[in-house]
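User: I've got a model here that I'd like to pick apart. Let's take it one question at a time.

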Amino acid sequence: MTARWFPDEMPMPAANAHTVGWWEAAADHRLVVQRCTQCAHTRHPPGPVCPRCRSTASDWLELPGTGRVYTYTIVRQAFIPSLQDRLPYVVIAVELDGADGVRIVSNLVDAEPGDVAVDMAVEVAWEDMGPELAVPRFRVAPVASGRKERP
Amino acid sequence: MIAGVATSDYPHLPNMSEHAVHGQAADRALADAGLTFADIDGFATTGFFPMYATGVAEYLGLHPIYFDETNSGGSSFEVLVEHAAYAVESGAVDVVLVTYGSVQLSQMGRRLGTGGGGGGFAPGPAIYDALWGNTLVGNYAMATRRHMYEFGTTPEQLAAVAVTMRRHAATNPQAQERELITVDDVVSSRLVADPLHKLDCCVISDGGGACVVTTEERAADLPGTPVYVLGAAHATTHHLNLSAMPNLTVTPAAQCGPVAFARAGITHADVDVAQLYDSFTITVVLTVEDLGFCAKGEGGAFVEDGGLEVGGRLPTNTDGGGLSACHPGMRGMFLIVEAVRQLRDEGGATQVPDARIAVAHGTGGMLSTGATLVLGLDAP
């Protein structure tokens, strides 16, 4: 259970039959990606049809929750008015480990905005938004002993 | 062919409704073409809610046998003109009026505290960005950061685009921002979404424009200088989620640009002047690469040191673009109007000498749609 980073006024998801699995896994603190069971292509956001082979058959592949920052931005103007007092905040696109190239949009938390860098290793930090909703954000992954992080 | 073009007044229209802007632009474009509303049998426009074109047609008193409302964001008007060109060629319609109008700047002041994205419902896949505080500017910023990471593009190179746009705007009496700026001014302006500074972002304006598309036969009877649509194409890579963008450094221009050029039978060396969607400085850098004026990753070098200025490698956005002249929300129509004016030698202080072939390219959504028009003075 981790701290709230964004206020209650943020928009809430309205899941449909094809996307509810992603949100249910998240509520359980499981980071998953939708995988086509016909051709094994992974996709995000979740949807009803595989964009590669058009199969409607899919499952949810559970991921380790780690990845690397593919790109980022440090938001310094409140385009979303309810986030005015959370500025500056960091939006990242994370290339998730084990997901065959899938990149999800999230936030870097528990770090100074100036710390963010492309290729930085991150790990999921769950934020409980309510009894049925948790949201994955990411923190800097601890450096394994003997391995030097790139600056 | 495009037989008439016009812009409405811009950039600040506090006493006009959105429909009135369409109407003003339409009146002027028809006058420019030497036509009246009685000559119009086709109509196209697009806006932000369904049946938008029908609403504007009603306001203009039109009952067209052809209408189009294709909305692909910033590339919409290039698509609408392409469709109109095919329609008149097919004989399905004779004269298509295409209009655009927006009073988004004036409306912002009237809707205090009700800006979009502040809470409530984010429809469909928008939630995968909205819940993490990501917005359109954030997506363009992230694409910029990736381009910097992969190719070493610098803030100063991006700034060069803004400097050139401002230089062109300085001699446009209608432009929203006309005071000359330096690279240093741009990179010292406040960051809105790092690495994009305020001056890397387009202005927010009221304004509109219109053009008239008709057959070569019909255009021959008209008083002005019509312009050929030599070739056109459009493409989409994804919708709005960055997760669905196949490659953050490649836009749909990479797909539709070469097709449009091939259809027009032109090479890059043939292009005298370009009007390229400049929602942000990065949009132009990506577009010159994807249209093939330079290799992927070399856009930064291409745009710096006056590369986009009249007299430079590729004279671009001779009215000052969205970065300085106006950006009422979807400025694709302005690209078309300015391209036609350049070909007709009406470019004024920023006229490219002997311009005979122009490219207008719109980019929409989150770098998700693109549409290219190749326009020329000479018959194909």
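User: At what angle to β1(B) does helix α14 (residues 332–343) of chain B run?

Analyst: First, the ground rules: residues count from 1 along each chain as its sequence is written, while chains are lettered from A and ligands numbered from 1 in the order in which they are written. This is a predicted model: local features need pLDDT of at least 70 and side-chain atom pairs count only at pLDDT 80 or more, but totals for chains, interfaces and linings use all residues. Helices (H or I, at least four residues) and strands (E, at least two) are DSSP runs, numbered from the N terminus. α14(B) lies across β1, β4 and β7 of chain B, and the angle it makes with β1(B) is about 115°.

User: How do α3(B) and α14(B) sit relative to each other: parallel, antiparallel, perpendicular or oblique?

Analyst: Their axes come within 6 Å and cross at roughly 60°. By angle, under 35 degrees is roughly parallel, over 145 roughly antiparallel, 65 to 115 roughly perpendicular, and the rest oblique. That is why the relation of α3(B) to α14(B) is oblique.

User: Which residues of α14(B) meet α3(B)?

Analyst: "Meet" means in contact, with C-beta atoms, placed from the backbone, within 7 Å. On the α3(B) side you'll find S76(B), F77(B), E78(B) and V81(B), and their partners in α14(B) are G332(B), M333(B) and I336(B).

User: In the five-stranded sheet of chain B, how large is the average twist from one strand to the next?

Analyst: It's an open sheet with mixed pairing, in the order β1-β7-β4-β2-β3 of chain B. Its edge strands, β1 (2–7) and β3 (66–68) of chain B, each pair on one side only. From one strand to the next the twist averages 10°.

User: Now the four-stranded sheet in chain B: which are its edge strands?

Analyst: That sheet is open too, with mixed pairing and the order β8-β11-β10-β9. The strands that pair on one side only are β8 (228–236) and β9 (273–276) of chain B.

User: Which residue is the bridge partner of T363(B)?

Analyst: Strand β10 (residues 357–364) of chain B pairs with strand β11 (residues 369–376) of chain B over eight bridges, in the antiparallel sense. In β11(B), the partner of T363(B) is G370(B).

User: How many nonpolar residues does the contact of α7(B) with α11(B) have?

Analyst: Helix α7 (residues 155–169) and helix α11 (residues 281–290) of chain B pack at about 100°, with axes 8 Å apart, which means α7(B) is roughly perpendicular to α11(B). L158(B), A159(B), V161(B) and A162(B) of α7(B) meet T281(B), I282(B), V284(B) and V285(B) of α11(B). Ala, Val, Leu, Ile, Met, Phe, Trp, Tyr, Cys and Pro count as nonpolar, Asp, Glu, Lys and Arg as charged, and the others, Gly among them, as polar. The tally is one polar, no charged, and nonpolar seven.

User: Which residues of α2(B) touch α1(B)?

Analyst: Helix α1 (residues 18–33) and helix α2 (residues 52–60) of chain B pack at about 65°, their axes 10 Å apart. α1(B) brings H19(B), H22(B), G23(B) and A26(B), and α2(B) brings V56(B), Y59(B) and L60(B).

User: And where the chains touch, which strand of chain A supplies the largest share of chain A's side?

Analyst: The contact involves 32 residues of chain A and 32 of chain B. β4 (66–75), β5 (89–96) and β6 (103–108) of chain A each supply at least two residues of chain A's side. The largest share, six residues, comes from β4(A).

User: Which residue of chain B stands opposite V75(A)?

Analyst: β4(A) runs antiparallel to strand β5 (residues 191–194) of chain B, and two bridges join them. In β5(B), the residue opposite V75(A) is A193(B).

Conventions:
Two residues are in contact if their C-beta atoms, placed from the backbone, lie within 7 Å. Two strands pair if DSSP finds at least two bridges between them. Axes are lines fitted to C-alpha atoms, for helices over the stretch in contact, and angles run from 0 to 180 degrees between N-to-C directions.
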